[in-house]
Amino acid sequence: MTDDARKPKRSPRALAATLVVGSLGMLGLSFASVPLYRAFCAATGFGGTPQIGKTAALKQGERHLIVRFDANVARDLPWKFEPEFPKVTLRTGETTTVYYKVANLSDKETSGQAAYNVSPDQAGAFFVKVQCFCFSEQKLAPGETAEWPVVFYLDPALESDEAMRRVEEITLSYSFYPTKAPAKAATSAVVGQKPKS
């Protein structure tokens, strides 16, 4: 008797059930892949994804680095969006607040969500945002202007990372994209908004 003859044969129903379960499992993984990838990037800084912190840094380091600010808006979002200053120099562990100026150039309420990253990519594991307008959708009334804060620091642990040894500048980039049409009763309040002078 051969080895093939000794193996029990699967019924067509068992084979069909296995294929259905396998297909459903693959479908589930395809839907889970995007959130899992985002979670992986957020946890590791992969692809220049900054970290999110709840508090300021516990200690300061020795190195000083330049952080440049980049601002972009999708073509179909009628906003002007730019940093208050093009760059800052800061010490690792020093919590810093910068503002971005934004204006709705249209006569309608609009809303947008910012995508963001830092470069070089390896800096993402050490760039920690404590507060940012980019964490949620933002809405602006017709012709409204605002100044939105970003509170961040560079983790002093970057000083002992070989990949960061020669890095002197980090660029924080934002790109705003339109979101669904806002509801008429929506407001444009942003926590930590800079007072208008």
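Modeller: By salt bridge I mean a side-chain nitrogen of Lys or Arg within 4 Å of a carboxyl oxygen of Asp or Glu. R63 sits in the loop between β1 (51-52) and β2 (64-73), while E168 is in the loop between β9 and β10, so the pair ties together parts that are 105 residues apart in sequence. Strands here are DSSP runs of E, at least two residues long, numbered from the N terminus.

Before going on, the ground rules: this is a predicted model, where local features need pLDDT of at least 70 and side-chain atom pairs count only at pLDDT 80 or more, though totals for chains, interfaces and linings use all residues. Residues are numbered from 1 along each chain as its sequence is written, and side-chain values use heavy atoms, leaving out hydrogens and water.

Back to the pair: R63 counts as buried because its relative accessibility is 18%, whereas E168, at 47%, counts as partly exposed. The cut-offs are under 20% relative accessible area for buried, over 50% for exposed and partly exposed in between, with a 1.4 Å probe and protein chains only.

E169 has a salt bridge too, with R68, at 2.9 Å from N to O. Here E169 belongs to strand β10 and R68 to strand β2, so this pair ties together parts 101 residues apart in sequence. Both ends are partly exposed, E169 at 34% and R68 at 30% relative accessibility.

Then there's R165 with E162, where the closest N and O atoms of the salt bridge are 3.1 Å apart. R165 is partly exposed at 46% relative accessible area, but E162 counts as exposed at 56%. The structure holds five salt bridges, these among them.

What else is around R63? L158 is in contact with R63, and also with L65, T92, F126 and M164, leaving aside neighbours within four places in sequence; contact means heavy atoms within 4.5 Å. L158 is placed in the loop between β9 (145-154) and β10 (169-178), and counts as buried because its relative accessibility is 0%. As for F126, its C-alpha is 6.1 Å from that of L158, although the two are 32 residues apart in sequence.

Conventions:
Helix = DSSP H or I, 4+ residues; strand = E, 2+ residues; numbered from the N terminus.
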